[in-house]
Amino acid sequence: MGFIIKPLVTEKMTKITDKSSLEKNLRASNAKAAEKLGIKGEKFSYVVKRKGKADEKKEKTIYPYTKPSQMVYGFIVKPEANKVEIKKEVEELYNVTVLSVNTLKYSGKRSSRYTRAGLVRGQKNAFKKAIVTLKEGDSIDFYSNIE
C-alpha cells in the first residue's frame, strides 16, 4: 500500500472542489437523452419575425434537470499506482465512498537559472495526480488532525 503521497490542498484544487460542490442546472440535448435521465420536457412557444413574410409561431421543447453536487479531491500519488489501488486506499484512509478516479501524469519540466557560479540547469520531478470524486454527502477534512 502507500500509493498516496500527499493530498492536494492548493488554491487551484480548492477552486475545483468548490465548483463541483454546487448543484448545476443543465438541459438535456434531445428527447433520447432526457428519457435516459427520466425527465419530462417543457414546451414553450415563440414568434419568428421576418421581413416581407408573415410572423411564424414556433414551439420548442426543452428538458431541464439539476445535476447533483459531488465532492472532488486531488492527491499526488506514486506513478505506478492505478485507479483501483488509489480508490481502495482513499476509501480505507478516509472512510468514504469513491465514485470515480481520474488520473493525470505530469512530466518533469527542465529549468535553468543564472547564478554567480554560472548557469545552473536542473529538472523538476515528474508526478502523477489523482482526482477523486466522492459519493454525495461524503467529504474529507484534511485539517481535522491539526491542533
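The entries below start with the ground rules and end with a few single residues.

**Ground rules**

This is a predicted model, so I kept its cut-offs in mind: local features need pLDDT of at least 70, side-chain atom pairs count only at pLDDT 80 or more, and totals for chains, interfaces and linings use all residues. Residues are numbered from 1 along each chain as its sequence is written, and side-chain values use heavy atoms, with hydrogens and water left out.

**Overview**

I looked up the elements and found three helices and 10 strands. Both kinds are DSSP runs numbered from the N terminus: helices are H or I with at least four residues, strands are E with at least two. Along the sequence the pattern reads β-α-β-α-β-β-β-β-α-β-β-β-β.

Next I checked burial. Of the 147 residues in the protein, 24% are buried. Buried means under 20% relative accessible area, exposed means over 50%, and partly exposed is in between (1.4 Å probe, protein chains only).

The protein exposes about 11,600 Å², and carbon and sulfur atoms supply 49% of that. Such areas come from the Shrake-Rupley method with a 1.4 Å probe; for residues, only the protein chains shown count as cover.

I also looked at contacts, meaning heavy atoms within 4.5 Å. Among contacts between residues at least 6 apart in sequence, 66% join residues at least 24 apart.

**The sheet**

In what order do the strands of the open sheet lie? I read off four strands as β1-β6-β10-β7, with antiparallel pairing. Two strands pair if DSSP finds at least two bridges between them. β1 and β7 stand at the edges with a single partner strand each, so one side of each has no neighbour in the sheet. The twist averages 30 degrees from one strand to the next.

Then I went through the pairs. β1 (residues 4-8) and β6 are joined by four bridges. β6 and β10 share six bridges, and β7 and β10 share eight.

I followed a few residues across. Valine 77 in β6 stands opposite isoleucine 4, and its bridge partner in β10 is lysine 128. Lysine 128 is also the bridge partner of lysine 105.

Helix α3 packs on this sheet and touches β1, β6, β7 and β10; its direction makes about 120 degrees with that of β7. For such angles, axes are lines fitted to C-alpha atoms (for helices over the stretch in contact), and angles run from 0 to 180 degrees between N-to-C directions.

**The inside**

I then looked for nonpolar cores, which are sets of buried Ala, Val, Leu, Ile, Met, Phe, Trp, Tyr and Cys residues joined through side-chain atoms within 4.5 Å. The largest core has 16 residues, and Phe75, Ile86, Val90, Val132, Leu134 and Ile140 touch the most other members. The elements giving two or more residues to this core are β6 (72-77), α3 (83-94), β7 (98-106) and β10. A second, separate core has five residues, including Met13, Val72, Ile76 and Ile131.

Leaving aside neighbours within four places in sequence, its contacts are Val77, Ala81, Val101, Thr103, Ala130 and Val132.

**Single residues**

Threonine 133 sits in strand β10 (residues 127-134). I noted it as buried, at 11% relative accessible area. Not counting residues up to four places away in sequence, threonine 133 touches Gln70, Met71, Val72, Thr97, Val98, Leu99 and Ser100.

Lysine 88 is in helix α3. This lysine 88 is partly exposed, with a relative accessible area of 49%.

Isoleucine 39 lies in the loop between α2 (31-37) and β3 (42-48). Its C-alpha atom is 6.8 Å from that of tyrosine 63, 24 residues apart along the chain.

Last, I searched for salt bridges (a side-chain nitrogen of Lys or Arg within 4 Å of a carboxyl oxygen of Asp or Glu). The structure holds one. Arginine 50 forms it with glutamate 56, and the closest N and O atoms are 3.1 Å apart. Arginine 50 is partly exposed at 41% relative accessible area, and glutamate 56 is partly exposed at 32%.
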